[in-house]
Amino acid sequence: MKAYLGVDIGSISTKGVVVDDKAQILAHEYLWTEGNPIHAVKRVIDALQKQIDGKDIQVKAVGTTGSARKLIGVVLGAQTVKNEITAHAIGTMSRVPDVRTIFEIGGQDSKIIILEDGIVTDYAMNTLCAAGTGSFLMSQAKRLGLAIEELGEMALKSQNPTRIAARCTVFAESDLVHKAQIGHKKEDIVAGICNAVVSNYLNNVGKGKRIAAPIVFQGGVSKNVGVVRAFEQVTGSDVYVDEFGHLMGALGVAVLAKQSGKEQNFDFNIQHVEFITKGTECKKCANNCEIIHVYRGEDVLDSWGNRCERGVSA
Amino acid sequence: MSAKIISFPHIGSYHVPIKFLLNALAGKGNKAISPPPITKKTLELGTKHSPDFVCIPFKYNLGNYIEVLENGANVLVQTSGGCRMGFYGEVQEQILRDLGYELDFYTIDAERGSAMDFYKAFKDINPKLSITYSIAAFAVATRMAYAIDGIEEFIRKNIGFELETGSFERMEKQFLHALAQATNVIQVGKVYREYLLKFQALPICKPSNPKKVGVVGELYIVMEPFSNYCIEKELAKFGMEVTRFLTISYRLFSKKHTAEYVLKNTGSYLKYDIGADATDSVGKSLDLARAGYDGIIHLKPFGCTPEVNSMPIVQRISQDFKIPVLYFSFDSQTSETGVKTRLEAFADMIDMKVASQ
């Protein structure tokens, strides 16, 4: 059977799926990137191979997305390297064909995608500031002595969520400390954080966008039921969280790899190959472009980062 | 008294006419020089010595000044405009003096000032300057700016379809080099016509109905490619025709950018002037939407107040005409990858839309 591999390498987590030609998921894996995308991908590939081992499956095309898509695209010899916005839209539509709005909050970034009749008509992505994303929730969970997974359930217990300034995480944090010290209950504070994430998201990324149902919420933060409830309260409509919501980018890029029409059998034994990256600074002008070379053993696979042709030979 | 070496900040390719004009007006024994091309170092220098919250064009200008002062310049020229730019000159002059540079600094008000103010400033530098000579020099510089704008418009419309990668950019360099050699209106016209033909002769593969995107926004970011990560050329790489109205010739000599003209056409979207280029951003977005463009890119420096004013209105136009708008705020730390990711998604979105029709 023909199958397609999609890998989504984010700043915090790395996701991989193997799908058949009808975009049904045959194998999936989700783990932490831990600042080493190449190693994380090797572990993902290893896990996926174990899941499809012994079955009659041949991966014919590979796609990569996420912030390390270029590097991993070279490492895996991907047919398709796509930005995460398009990948998420395609992936989500393969699960929820009539989706109109996609909320996505990940570890460091957040985006909104507006669709109409199966076509992306508008989108936005956070710039300059990572306020209200997963890493903010993580640091606040730690401050409150909670595991990140506990936040959602705890928020649901709250009857009277604390108001927390949502504009900026620095203000939010000092507000939160203050509210805790004057005696607000922990579950109220946690619910307040969830509300703050939602209001920050809708006032920044979602500003000026026409949010219509059906709404799908995904990315790591969608696992937090407290944030889901806050979204439902503010938008006044149901917010659907897919069981594979965290895999949509990987799923989308697997579909795109299939659509590319380019086929080449993929070798899962990649985890034993050594890939090395080397960064050099081109000294040929004051731009000092940081050029990255990717080696497979001794061979240079690819280089990038130069602004002009002078850097190519560096 | 030592020779006066006059310089100015960079913006796009306009260093050619600006340098020509300043050189012509400088007088005997004096000369004008261009700052070194903008690099990361320029931005680092500018950022280091600027107030943190000032808009990014200020930092680029200051970086240019410091680099050119190190190259020997001792007279600097700045223009001022109808926003925070109105304070650029005074603040930059003070910063440079505090850094210990000896210089003369001239600020020319481009918004309210007249050609006469410009002449008076130069009369100060070069007391022998005559009005007729100034007008002649100004005519040549103007013609140069028109030539650049004409050639760049052709580039924007066609570079996305070049068959040989880099052919347009190489030709552009040759053109600017040839233009810088011209000394009178006839020569400028000759260079322009010669290179327009050369550009037209470059092989391209352009569909009859290409995807079209327009660029609007704040003057400096729109016109200085270094500050916007060469966004026009990056856009073109996705096989698009790029349109931009904001150029020096448009800004200085076209009445169409004036608030009265723009407001006549904006109907219920805009009733009064919102300052600097923001009124124009709304007016041109509306023009692009009405002309059936596939998308709009809105550029501004982070914290640019006039352009922040224009954004909700542009967003409204986007919804009414179903034309996607991509907004960018540039400062000194935006990553190139982030820009490319958003542009690629924008191009994908347009491709999907076109494919479905």
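Which residues have the most contacts inside the largest nonpolar core? In this predicted model, where local features need pLDDT of at least 70, side-chain atom pairs count only at pLDDT 80 or more, and totals for chains, interfaces and linings use all residues, side-chain values rest on heavy atoms, without hydrogens and water. Residues are numbered from 1 along each chain as its sequence is written, and chains are lettered from A in the order in which they are written.

The residues in question are Ile6(B), Phe175(B), Leu179(B), Phe199(B), Ile297(B), Leu299(B) and Phe328(B), in a core of 91 residues. A nonpolar core is a set of buried Ala, Val, Leu, Ile, Met, Phe, Trp, Tyr and Cys residues joined through side-chain atoms within 4.5 Å; buried means under 20% relative accessible area with a 1.4 Å probe, protein chains only. Helix α6 (residues 131-158) of chain B supplies the largest share of this core, ten residues. Another core, of 36 residues, lies apart from it and includes Ile105(A) and Val197(A).

Chain A has an open sheet of five strands, ordered β8-β7-β6-β9-β10, with mixed pairing. Because β8 (119-125) and β10 (239-240) of chain A each have a single partner strand, one side of each is left without a neighbour in the sheet. Strands are DSSP runs of E with at least two residues, helices runs of H or I with at least four; two strands pair if DSSP finds at least two bridges between them.

| Strand | Partner strand | Bridges |
|---|---|---|
| β6(A), residues 101-105 | β9(A), residues 215-218 | Four |
| β3(B), residues 75-80 | β4(B), residues 104-109 | Six |

Glu104(A) has Gln218(A) as its bridge partner in β9(A).

Note on methods. Buried < 20%, exposed > 50% of the residue type's maximum accessible area, 1.4 Å probe, protein only.
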